[in-house]
Amino acid sequence: MHLQPKQGVQQIQDLPGMMRGEFRGFATSPVAGVRFVERLDALGAIHTPDCAAVIWLRPDEAPLYQWLANLSAVHLPQIREILRSDTIRSAMKRIVADMPDDPERAMFVQSISVLAEKFADVMRAPWLRLRLEVVTGDACRKFHVDNVTARLVCTYRGTGTQYGLAPRGAEPEVVDTVPTGQPIVLRGMRWPTTPPSLLKHRSPPIAGTGETRLLLVLDPILDPEDEV
Ligand SMILES: [Fe+2]
């Protein structure tokens, strides 16, 4: 089915299999598009004009998500490290060493490694800051744009990142949620070109629900000595 753009609405549907990319337009034409891609190789779409974010419609890794969902929270890895991009895979094997030695553990290493390697390639980053966070509260509940050039976020367990368009100082009226396991690359405040992105995101509010999320966050690092 071909969707006709509505008045005042911008659609980006130039890739096959596009699910949806519908957002309110702005008079000043800020960067506001979300692009959905079917192949990991297409993550570089973040460099195209008017692309504020790219979501990879990754083939389902249901056994991995089910395994992670069933694990006790004490087995979920928490880490924050700056790693050379070509050492991500070996680092991941070390990072998951305390997780149960099931076949899904190798899937988890593979899932993050291919993502990190491609993201580093797309951002031409010799280093990456890799974070795995176990989240049970409302951290980053306020809609914001990150103070980085770009960031990859992937929720491996629990509710995914929420996003929407809003002018400066405002909250999005329409909010979407990235499905669990689907990575999103977001332009940040330090993206080198203008105009700025109007796409804001936040962690979903889960405090009091008993939900435990597992979040992967990757930031490109050009020189680790510049990082505190
Ligand atoms: Fe953020």
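**Reading the helices and loops of a predicted model**

Guide: R124 is found in the loop that joins α3 to β6, where helices (H or I, at least four residues) and strands (E, at least two) are DSSP runs numbered from the N terminus. This is a predicted model, in which local features need pLDDT of at least 70 and side-chain atom pairs count only at pLDDT 80 or more, while totals for chains, interfaces and linings use all residues. Residues are numbered from 1 along each chain as its sequence is written.

Visitor: What makes R124 count as exposed?

Guide: A residue is buried if 20 or more other C-beta atoms, placed from the backbone, lie within 10 Å of its own, exposed if 12 or fewer, and partly exposed in between. R124 has 9 such neighbours inside 10 Å, and therefore counts as exposed. Its phi is near 50°, a positive value in a residue other than glycine.

Visitor: Why does D102 count as exposed?

Guide: With 12 C-beta neighbours inside 10 Å, D102 sits at the limit of 12 or fewer and therefore counts as exposed. D102 lies in the loop between α2 and α3, and its C-alpha atom is separated by 9.0 Å from that of W67, 35 residues apart along the chain.

Visitor: And what makes L216 count as buried?

Guide: L216, in strand β12, has 20 C-beta neighbours inside 10 Å, which meets the threshold of 20 or more, so L216 counts as buried. Leaving aside residues up to four places away in sequence, L216 touches I112, L132, C154 and Y156, where touching is contact, meaning C-beta atoms placed from the backbone that lie within 7 Å. The C-alpha atoms of L216 and I79 are 9.6 Å apart, although the two are 137 residues apart in sequence.

Visitor: Why do the buried residues of α2 line one face of the helix?

Guide: In α2 (residues 88-95), I88, M92 and I95 are buried. Seen down the axis, the buried residues fall within an arc of 60°, so they line one face of α2. An α-helix has 3.6 residues a turn, so residues three or four places apart point the same way. Among the elements that cover the buried residues of α2 are β5 (79-84), α3 (103-123) and β6 (127-135).

Visitor: Why are α1 and α3 called roughly perpendicular?

Guide: Axes are lines fitted to C-alpha atoms, for helices over the stretch in contact, and angles run from 0 to 180 degrees between N-to-C directions. Angles under 35 degrees count as roughly parallel, over 145 as roughly antiparallel, 65 to 115 as roughly perpendicular and the rest as oblique. α1 and α3 pack at about 110°, with axes 9 Å apart, and are therefore roughly perpendicular to each other. The contact is made by P63, L64 and W67 of α1 with E104, M107, F108 and S111 of α3.

Visitor: How do the residues of the contact of α1 with α3 divide?

Guide: They divide into five nonpolar, one polar and one charged, with Ala, Val, Leu, Ile, Met, Phe, Trp, Tyr, Cys and Pro counted as nonpolar, Asp, Glu, Lys and Arg as charged, and the others, Gly among them, as polar.

Technical notes. The arc is that of the directions from the helix axis to the C-beta atoms. Two residues are in contact if their C-beta atoms, placed from the backbone, lie within 7 Å.
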